[in-house]
Amino acid sequence: MFWILTIAYPLTAAAVSQCVIRLNVPLWLGVTLAVIPFVPGVLWIRAMLRTIRGELDELQWKLFMESVAFIPPGLLGLSVCVDILRHAGLLLDFKWTTATLAIATAALFFVGGRVAARRFQ
C-alpha cells in the first residue's frame, strides 16, 4: 500500500492541478478538485508513519516524533522572523517557494533530531 500511495499521490496532484488550470470550472468544482489530492496525501502519510514505526524501536520512534514535532513551531517562528526582517528592510528579495519551504522543513527536522538526541543521551 505504501508504494502504491507513493506513486498515486504525485500523479493525482499533477492531474488535478492540470484539470483546474486548463478547464474553466465553477468555483465549487475547482475547490472540490483541489481537495482531492489531500486524500492520497493523508493516506500516504499514514502508511509512511506505520512503516517507519514498524522498523524503529521505542526510543528511535520517540526521537523521530520529537523531530517531526519540532517542524511546525519552527516554521511558524521562521515565517514570523522573515516577515519582521522584510518590514525592517532586510530580505526584500526573499520569497517563500516550495523549494525554500522544503529546505526549511528539512533543516528544522535535522535540528529537532539533534535536540531530541541530545536530550535522550
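Biologist: What span should helix 3 have at 1.5 Å a residue, and how far apart are its end C-alpha atoms?
Modeller: Helix 3 covers residues 38–55, 18 residues, so at 1.5 Å a residue it should span 26 Å. Its end C-alpha atoms are 26 Å apart, which agrees. The expected span is 1.5 Å times one less than the number of residues. Helices here are DSSP runs of H or I, at least four residues long, and strands are runs of E, at least two, numbered from the N terminus.

Biologist: Which residues of helix 3 are buried?
Modeller: P40, G41 and A47 are buried. Buried means under 20% relative accessible area, exposed means over 50%, and partly exposed is in between, with a 1.4 Å probe and protein chains only.

Biologist: Why do they count as being on the same side of helix 3?
Modeller: Because they cover an arc of only 130 degrees around the axis. That arc is taken from the directions between the helix axis and the C-beta atoms.

Biologist: And which residues are exposed on the other side of helix 3?
Modeller: F38, V39, V42, R50 and R53.

Biologist: What kind of model is this, and how is it numbered?
Modeller: It is a predicted model: local features need pLDDT of at least 70, side-chain atom pairs count only at pLDDT 80 or more, and totals for chains, interfaces and linings use all residues. Residues are numbered from 1 along each chain as its sequence is written, and side-chain values use heavy atoms, with hydrogens and water left out.

Biologist: How many helices and strands in the protein?
Modeller: There are 5 helices and 0 strands. From the N terminus, the order is α-α-α-α-α.

Biologist: What is the radius of gyration, next to that of a compact globule?
Modeller: The protein has 19 Å, but a compact globule of 121 residues would have a value near 14 Å. The radius is taken over C-alpha atoms, and the globule rule is 2.2 Å times the number of residues to the power 0.38. The C-alpha atoms fill a box of roughly 55 × 50 × 20 Å along the principal axes.

Biologist: What percentage of the residues is buried?
Modeller: Buried residues make up 17% of the 121. The protein exposes about 9,100 Å², and carbon and sulfur atoms supply 72% of that. Those areas come from the Shrake-Rupley method with a 1.4 Å probe; for residues, only the protein chains shown count as cover.

Biologist: What about contacts between residues at least 6 apart in sequence?
Modeller: Of those, 64% join residues at least 24 apart. Contact means heavy atoms within 4.5 Å.

Biologist: On to helix 5. Which residues are buried there?
Modeller: A104, L108, G112, G113 and A116. The buried residues of helix 5 pack against helix 4.

Biologist: How does the span of helix 5 work out?
Modeller: Its 22 residues should span 32 Å at 1.5 Å a residue. The end C-alpha atoms are 31 Å apart, which agrees.

Biologist: Take G112. What does it contact?
Modeller: Leaving aside neighbours within four places in sequence, G112 is in contact with S67 and F70. G112 has a relative accessible area of 3%, so it is buried.

Biologist: And S67, buried or exposed?
Modeller: S67 is buried, with a relative accessible area of 4%. S67 is found in helix 4, residues 58–87. Beyond its neighbours within four places, S67 is in contact with F109, G112 and G113.

Biologist: Which backbone atom lies 3.1 Å from a polar atom of the S67 side chain?
Modeller: The backbone nitrogen of G113.

Biologist: Where is L92?
Modeller: In the loop between helix 4 and helix 5. At 59% relative accessibility, L92 counts as exposed. The C-alpha atoms of L92 and V82 are separated by 9.5 Å, and the two are 10 residues apart along the chain.

Biologist: And V80, what is its relative accessible area?
Modeller: It is 42%, so V80 is partly exposed. V80 sits in helix 4.

Terms used:
A polar contact is a pair of N or O atoms within 3.5 Å; within protein, one must be able to donate a hydrogen and the other to accept it, and residues adjacent in sequence count only if both atoms are side-chain atoms.
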